[in-house]
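Notebook open, structure loaded. I'll go element by element and jot down what I find.

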Amino acid sequence: MNFTDTHTHLYSESFDEDQDVMIQRAIDAGVNRFFIPAIDSEYTERMYALEKNYPDHMFLMAGLHPTHVKENYEEELAHVEAQFAARDFYAVGEIGIDLYWDKSTLEIQRDAFKRQIQLAKKYKKPIVIHCREAFDEVFEVLESEKGDDLFGIFHCFSGTKEQAEQAINYNMKLGIGGVATFKNGKIDQFLAEIPLSHIVLETDAPYLSPVPYRGKRNESSYVVLVAEKLATIYQKPLDEIAAITTSNADEVFFTKRA
Ligand SMILES: [Zn+2]
C-alpha cells in the first residue's frame, strides 16, 4: 500500500533530533511521498536540504504562510516569486487567511493570498490553502479568483458540510488529517456524504496528531491512522482508501494544465 502525505512540515525544528529516523519510519509504513508546504524565507534552505537528501520522496511548495504575513511581507512575496522564477515547485502553499492568531493583519493577509493565487495561475500550479477562523474571508477571495485555472487543496479542512461543498465547487480537494480522528472533530459526522474523489490525506506534522497521539508531536507515518479512520467512515478497505487518495493527490499535483 502506498500513501501520500500531502501536507507535512518535515523541515520543522521539532524533527532536528531524529529527522532521518522519523522519515524512514514513514517510508517503512508505506508513506512514500511527502508534499512540503512553505512558511517563510527562514525555512527555504532547510526545505532544499530535505529535497537534496530524499530526491525521490520530497515534493516542495513555495509560498508565504498567512500567520507570517507581517510588515516585511513585500520582501517575502518577492522571495516566493524569485523561487518560482528560478526553478519548479509543485504548488503555491501554504497560503490563505488566519484570523485566530492575528486579526489586525487581515488586509495584508488578503493581499498576500490574492497575489499568490495569481502567481499560481501564472505557473499553472495548485494552491494549498490554510484557513483558520476565516471561511468567509477565504471564500470571498476564491469567489473573486474562481475559474478553471484555480484549483488545489483546502488543507486541514475543518468546516461544515456546506463549506466542504463550497470548497469543492472552487476545484479544491479537502485535506483530511488528525482532526478527523478527534471525538469533537465534527467532520467525521458528514464526511461519508462527500465523495472520496475529493479527499486527500495529510498530517500537518508536527501539529495536530491523530488519536491516539493527540497532543503529542505528529509525524508522517501517522497518515496511516488517518487513512484507517477514513476506511471506517467510508466503509471501504484500507487499500482502496490508499489507492484513491493517492490518485487524488496525483490529480492535484501532477496533472498538466493547458
Ligand atoms: Zn501547514
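This is a predicted model: local features need pLDDT of at least 70, side-chain atom pairs count only at pLDDT 80 or more; totals for chains, interfaces and linings use all residues.

Which strands does helix H6 lie across, and at what angle does it run to E7? I looked: H6 (residues 161-169) lies across strand E6 (152-154) and strand E7 (172-176), and its direction makes about 135 degrees with E7.

**Entry: the five-stranded sheet**

I traced the sheet that E6 and E7 belong to. It is open, has five strands in the order E4-E5-E6-E7-E8, and the pairing is parallel. Strand E4 (92-98) and strand E8 (199-201) are the edge strands; each has a single partner, so one side of each is left without a neighbour in the sheet. From one strand to the next, the twist averages 30 degrees.

I then checked the E4 end. E4 and strand E5 (residues 127-132) run parallel and are joined by six bridges. I looked up Asp98 and found its bridge partner in E5, Arg132.

At the other end I picked up helix H7 (residues 223-234). H7 lies across E7 and E8 and runs at about 150 degrees to E8.

**Entry: H4 against H5**

Two packed helices are described by the angle between their axes and the distance between the axes. For helix H4 (residues 106-122) and helix H5 (residues 135-145) I noted an angle of about 35 degrees and axes 11 Å apart. The crossing of H4 past H5 is right-handed.

Which residues meet here? From H4 I listed Leu106, Arg110, Phe113, Lys114, Ile117, Gln118 and Lys121; from H5, Glu137, Val138, Glu140, Val141, Leu142, Ser144 and Glu145. Sorted by class, the contact has six nonpolar, two polar and six charged residues.

I stopped at Arg110, which sits in H4. Is Arg110 buried or exposed? Its relative accessibility is 18%, so Arg110 counts as buried, the cut-off for buried being under 20%. Setting aside neighbours within four places in sequence, I found Arg110 in contact with Ile97, Glu140 and Val141.

**Entry: Ser158**

Next I went to the loop between E6 and H6, where Ser158 lies. Ser158 is partly exposed, at a relative accessible area of 41%. What does Ser158 touch, once residues up to four places away in sequence are not counted? I found Phe135 and Ile187. Ser158 and Ile187 are 29 residues apart along the chain, and their C-alpha atoms are separated by 6.5 Å.

**Entry: the three-stranded sheet**

I moved on to a second sheet. This open sheet has three strands in the order E1-E2-E3, again with parallel pairing. The twist here averages 20 degrees from one strand to the next.

How many bridges pair E1 with E2? I got three, in the parallel sense. One partner I looked up was that of Asp5, which is Phe34 in E2. H1 packs on this sheet, touching E2 and E3, with its direction at about 125 degrees to that of E2. H2 lies across E2 and E3 as well, running at about 145 degrees to E3.

**Entry: Gln83**

Last stop was Gln83, in helix H3. Gln83 counts as buried, at 8% relative accessibility. Not counting residues up to four places away in sequence, Gln83 touches Thr44, Tyr48, Ala62 and Phe89.

Definitions and conventions: Residues are numbered from 1 along each chain as its sequence is written. Side-chain values use heavy atoms; hydrogens and water are left out. Two strands pair if DSSP finds at least two bridges between them. Helices (H or I, at least four residues) and strands (E, at least two) are DSSP runs, numbered from the N terminus. Axes are lines fitted to C-alpha atoms, for helices over the stretch in contact, and angles run from 0 to 180 degrees between N-to-C directions. Contact means heavy atoms within 4.5 Å. A crossing is left-handed if the near helix is turned anticlockwise from the far one by less than a right angle, and right-handed if clockwise. Ala, Val, Leu, Ile, Met, Phe, Trp, Tyr, Cys and Pro count as nonpolar, Asp, Glu, Lys and Arg as charged, and the others, Gly among them, as polar. Buried means under 20% relative accessible area, exposed over 50%, partly exposed in between (1.4 Å probe, protein chains only).
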